[in-house]
Amino acid sequence: MTTTDPSFTSAPGDTAYATSGAAYESSHEKAEHASIGELVADISQGLSTLLRQEVELAKAEVRESTSRAGKAAGMFGGAAISGWMALLFLSLAVWEWLSRALDDRGWAAVIVMAVWAVLGAVLAAMGRRTTKEIQGLPRTTETAKRVPDALKGNEER
């Protein structure tokens, strides 16, 4: 940032260019008053800052997407474990109880299987819905699309 305060001293690496009476300059005004070395340094610093910000944004979005993917994987895993444990242990007990009530072991087995199939389907649907909510890197993609225009000087105001 530039200032008209005479006590202001710029720090090393400060690329703001002061002119009399103006607190801020446009890119075109900077180009008219600065040397080639200053302009290259300004571009280099700006590009470095932009790339660092893009990397940080990508990291944040990856963490968020990974968290959502972990939740979905947990739900799918829960659905699988629930189905397996239910079919292995509880199904045997319910099957025996129904077979005594119906006097038919076959139909008792079908009824028990249907109950656990419904539970597995509900858990799988919840996992699928959560998977669809994973967005990937939308902000990084959007800002990365603007980098070529910014490098050409067609920056948004």
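Biologist: Is glutamate 64 buried, partly exposed or exposed?

Modeller: Remember that this is a predicted model. Buried means under 20% relative accessible area, and exposed means over 50%. Glutamate 64 has a relative accessible area of 36%, so it is partly exposed.

Biologist: Which side chain does glutamate 64 meet in a salt bridge?

Modeller: First the general idea. Side chains of opposite charge can pair when their charged atoms come close. Here, glutamate 64 meets arginine 68, at 4.0 Å from N to O. Arginine 68 is partly exposed too, because its relative accessible area is 30%.

Biologist: How far apart are arginine 68 and glutamate 64 along helix H2?

Modeller: Start with the helix itself. An α-helix has 3.6 residues a turn, so residues three or four places apart point the same way. Arginine 68 and glutamate 64 are four residues apart in helix H2, so about one helical turn separates them.

Biologist: Which residues are linked with Arg68 and Glu64 in a network of salt bridges?

Modeller: Glu133 is. Glu64, Arg68 and Glu133 form a linked network of salt bridges.

Biologist: How many salt bridges does the structure hold?

Modeller: It holds four. One of them joins lysine 59 to glutamate 56, with the closest N and O atoms 3.6 Å apart. Both residues lie in helix H2, three residues apart, about one turn of the helix. Lysine 59 has a relative accessible area of 43%, so it counts as partly exposed. Glutamate 56 is partly exposed at 44%.

Biologist: What is the distance between the closest N and O atoms of arginine 105 and glutamate 96?

Modeller: It is 2.7 Å, and the two form a salt bridge. Arginine 105 is partly exposed, with a relative accessible area of 43%. Glutamate 96 is partly exposed as well, at 29%.

Biologist: Now a contrast. Is glutamate 54 buried or exposed?

Modeller: Use the cut-off again. Glutamate 54 has 13% relative accessibility, so it counts as buried. It lies in helix H2, which covers residues 36-102.

Biologist: Which residues does glutamate 54 touch, not counting those up to four places away in sequence?

Modeller: Glutamate 54 touches Thr140, Thr143 and Ala144.

Biologist: Let us turn to nonpolar residues. Which residues make up the largest nonpolar core?

Modeller: The general idea comes first. In soluble globular proteins, nonpolar side chains tend to be buried together. In this model, the largest nonpolar core has five residues: Ala86, Leu98, Ala108, Val112 and Trp116. H2 and H3 each supply at least two residues of this core. H3 gives the most to it, with three residues.

Biologist: What does alanine 108 touch, leaving out residues up to four places away in sequence?

Modeller: Alanine 108 touches Trp95, Leu98, Ser99 and Leu102.

Biologist: Which residues of H3 are buried?

Modeller: They are Ala108, Val112, Trp116, Gly127 and Thr130. The buried residues of H3 pack against H2.

Biologist: How do I check the span of H3?

Modeller: Compare an expected span with the distance between the helix ends. At 1.5 Å a residue, the 28 residues of H3 should span 40 Å. The end C-alpha atoms of H3 are 41 Å apart, which agrees.

Biologist: Which residues make the nonpolar surface patch?

Modeller: Leu87, Leu102, Trp107, Val110, Ile111, Met113 and Val115 make a patch of about 680 Å². H2 and helix H3 (105-132) each supply at least two of its residues. H3 gives the most to the patch, with five residues.

Biologist: Where is leucine 87, and how is its accessibility classed?

Modeller: Leucine 87 is in helix H2. At 47% relative accessibility, leucine 87 counts as partly exposed.

Biologist: Last, the whole chain. How many helices and strands does it have?

Modeller: It has four helices and zero strands. Along the sequence, the pattern reads α-α-α-α.

Biologist: What share of the 157 residues is buried?

Modeller: Buried residues make up 16% of them. The accessible surface of the chain is about 11,400 Å², and 64% of it belongs to carbon and sulfur atoms.

Methods. Residues numbered from 1 in each chain as written. Predicted model: local features only at pLDDT ≥ 70, side-chain atom pairs only at ≥ 80, totals over all residues. Heavy atoms only, no water. Buried < 20%, exposed > 50% of the residue type's maximum accessible area, 1.4 Å probe, protein only. Contact = heavy atoms within 4.5 Å. Patch = residues over 30% accessible without salt bridge, like charges linked within 9 Å, V, L, I, M, F, W, Y side chains within 5 Å. Areas by Shrake-Rupley, 256 points an atom, 1.4 Å probe, with all protein chains shown as cover. Core = buried A, V, L, I, M, F, W, Y, C linked by side-chain atoms within 4.5 Å. Expected span 1.5 Å × (residues − 1).
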